[in-house]
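Please open the model in your viewer and keep the selection tool at hand. The tour goes from one selection to the next, and at each stop it says what is there.

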Amino acid sequence: MTEKFSILIVDDDEALALNLQSIMQAEGYDAMVSHDGKSSLAIFEERAFDLAIVDIKLPDMSGIVLTERLADQQPETEYIITTGYA
């Protein structure tokens, strides 16, 4: 049996994050949601992810800083930075 591709969605807009999670799960991915940098770092300590979709503007740190710190924990993870700002 093949493992599902795992994705962490990090966005402080809860409705957007949950909607994206729902879409990803419907497509067969193992998707989790986090709403800030601190909890994302804790989640990354517990399990590995293939991809993290990270909002650039989070309540406790920038998405850029978060991806740098996450990459230190799991260098094999890929990252997509998103924003809702023009």
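Select Leu66 to begin, a residue found in helix 3, where helices (H or I, at least four residues) and strands (E, at least two) are DSSP runs, numbered from the N terminus. This is a predicted model, in which local features need pLDDT of at least 70 and side-chain atom pairs count only at pLDDT 80 or more, while totals for chains, interfaces and linings use all residues. Residues are numbered from 1 along each chain as its sequence is written, and side-chain values use heavy atoms, with hydrogens and water left out.

Is Leu66 buried or exposed? Leu66 is buried, with a relative accessible area of 0%; buried means under 20% relative accessible area, exposed over 50%, and partly exposed in between (1.4 Å probe, protein chains only). Now show what surrounds Leu66: leaving aside its neighbours within four places in sequence, Leu66 is in contact (heavy atoms within 4.5 Å) with Val10, Gly37, Ser40, Leu41, Val54, Leu58 and Met61. If you then draw a line from Leu66 to Thr82, C-alpha to C-alpha, it spans 13 Å, and the two residues are 16 apart in sequence.

Select helix 2 next, residues 37-46, and colour its buried residues, which are Gly37, Ser40, Leu41, Ile43 and Phe44. They cover an arc of only 160° around the axis, and therefore lie on the same side of helix 2; the arc is that of the directions from the helix axis to the C-beta atoms. Turn the view to the face of helix 2 that points away from this buried side, and you will find the exposed residues Lys38, Glu45 and Glu46. Among the elements that cover the buried residues of helix 2 are strand 1 (6-10), strand 2 (30-34), strand 3 (51-55), helix 3 (63-73) and strand 4 (78-82).

Move on to Gln21, which is found in helix 1 (residues 14-26). Gln21 is buried too, with a relative accessible area of 16%, and, not counting residues up to four places away in sequence, Gln21 touches Ile9, Ala31, Met32 and Val33.

Finally, clear the selection and look at the whole chain. The protein chain has 3 helices and 4 strands, and, read along the sequence, they follow the pattern β-α-β-α-β-α-β. Along its principal axes the C-alpha trace spans about 40 × 30 × 20 Å, and buried residues make up 36% of the 86 residues.
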